[in-house]
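Biologist: I am new to this structure and would like to go through it with you slowly. Could we look at it together and take one place at a time?

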Amino acid sequence: MEGLVRGVRRFVTLAVIAGALSAFAQGGQRLRDRDPDLQSAKGIAAELDQANFHYGPFYFLSRFRISDLGYTQQGYTLTDSSDGGLNLSVEAPQRLYFTPHKKVILTAEAVPGYSFFGDSFGDGQFNYSLRGDAHFLFNHLYLDLYTTRSDTIRPHVADINRLVTQRADEYGVSGEMKYSSRTSALFSIRYEDIEFPGDRFQPASPIDVALLNRVERNGRVALHHKTFPLTSLFVAAEMSNYGFRRATYKDSTRRWLGAGFTRDSGRTSLRVEAGPATLDFEDPTQRDYSEVIGMATINRSKSRWNYGAGVERDVGFSIFADNNYFIASIANANVSYVATRRLTLRTGASYERDDYDVPVGGLIRKDTIEFYRIGFLYNFRRFQTGVDVGWYERQSNFSDRDAGIRWLFYLSFSPTV
């Protein structure tokens, strides 16, 4: 196992990011790979090394996790459906790797799950997500051809602040082409069919989330250049087309052109991108959107402390009366402290403001969401568990205020196969 893992890791390092670790003249340092988008390619070897089971070219990773429906690896997305209690999601991610050749890696992932919600554990539904990937690792080209299908319950904060069930099929390709050790192009093309099925759990009437049933076609390309020893500059462009099944007046095209940079000094990483975006509706009677959007994130590690913060501004589709979209402004910050080898203490805060453009009844809707939390993670040999508690508050000039204490629970288990 170790020999193949080392071989895959070496090939990923040398072929996919060839030349990124070239010598840096001053101080004997080396030019780091400073582009976080490359982590998915390099992570293949790391995941193979963590496999629960290995036989020949097959690697198997198995996990089991329990968490609040508002908890994800990316952050916390709370709704007023929590009612101060726990809405639990039980999932068992299973991933199989097949490595028939050092340049080809095939993966298949299945995540069955069950969600408990409501006033009793008798209320709930089964969920699932499936994904298949074909990774091709060439000397100057990395390709990931993938397909996914999911039918899961998730929080929907915008407009309705409720739990919804979303069914989605997605097909796409993403990858990177290396021109030189300092210049590369990252690209992605995807097709996604999104549906909010009426035969699954959805918010009670009169909320009609099925208005958001749509097909998305998206493409993105970004040109990166490692201009300085620790900094990469890039320009990027995106184009998306949206076709709605019922709310055809929302059919539209989104365009974005921007620039930014990434900087990684080892302990501190920073990413910034921004640029003008337009959302043009095919129906000339609808109000178009045209503003600057962007995002910035920073992470820093120092001794036992880890810090992170981010801001983002983007546009999303709305089902609120007479408004086709809303503008979301988001900020978050978090701090963690490794108290012992097993115990990590953490705290954080998040804020979101959703602004709407078209007045309804003489008012322009504005929603704000705040969540402040404190908690811990505790690691056993194959278990990781944690609890966070915090204060959640949502205010809107078009709905009742929602506030209260929220508990978030998380448990992850890696079995021995």
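Biologist: Which residues does serine 174 touch, not counting residues up to four places away in sequence?

Modeller: Please keep in mind that this is a predicted model. Serine 174 is found in strand β9, which covers residues 162-178. Leaving aside residues up to four places away in sequence, serine 174 touches Tyr142, Leu143, Asp144, Phe187 and Ser188.

Biologist: Is serine 174 buried or exposed, or something in between?

Modeller: A residue counts as buried under 20% relative accessible area and as exposed over 50%, with partly exposed in between. Serine 174 has a relative accessible area of 21%, and therefore the word for serine 174 is partly exposed.

Biologist: How far apart in space are serine 174 and arginine 220?

Modeller: Along the chain, serine 174 and arginine 220 are 46 residues apart in sequence. In space, taken from C-alpha to C-alpha, the separation of serine 174 and arginine 220 is 9.2 Å.

Biologist: With which residue does the side chain of arginine 220 meet in a salt bridge, and which strands does the pair tie together?

Modeller: The side chain of arginine 220 meets that of glutamate 238, with 2.6 Å from N to O. Both arginine 220 and glutamate 238 are buried. Arginine 220 lies in strand β11 (residues 214-228) and glutamate 238 in strand β12 (residues 231-244), so the pair, 18 residues apart in sequence, ties together β11 and β12.

Biologist: How many salt bridges does the count come to?

Modeller: Among them is the pair of lysine 178 and glutamate 176, at 3.6 Å from N to O, and both of these residues are buried. Another is formed by aspartate 402 and arginine 406, at 3.3 Å from N to O, and this pair, too, is buried. With a side-chain nitrogen of Lys or Arg required within 4 Å of a carboxyl oxygen of Asp or Glu, the count comes to 31 salt bridges.

Biologist: Which residues make the nonpolar surface patch of about 410 Å²?

Modeller: One of them is phenylalanine 58, which lies in strand β2 (residues 58-62) and counts as partly exposed at 35% relative accessibility. The patch of about 410 Å² is made by Phe53, Tyr55, Phe58 and Leu96.

Technical notes: Residues numbered from 1 in each chain as written. Predicted model: local features only at pLDDT ≥ 70, side-chain atom pairs only at ≥ 80, totals over all residues. Heavy atoms only, no water. Buried < 20%, exposed > 50% of the residue type's maximum accessible area, 1.4 Å probe, protein only. Helix = DSSP H or I, 4+ residues; strand = E, 2+ residues; numbered from the N terminus. Contact = heavy atoms within 4.5 Å. Patch = residues over 30% accessible without salt bridge, like charges linked within 9 Å, V, L, I, M, F, W, Y side chains within 5 Å. Areas by Shrake-Rupley, 256 points an atom, 1.4 Å probe, with all protein chains shown as cover.
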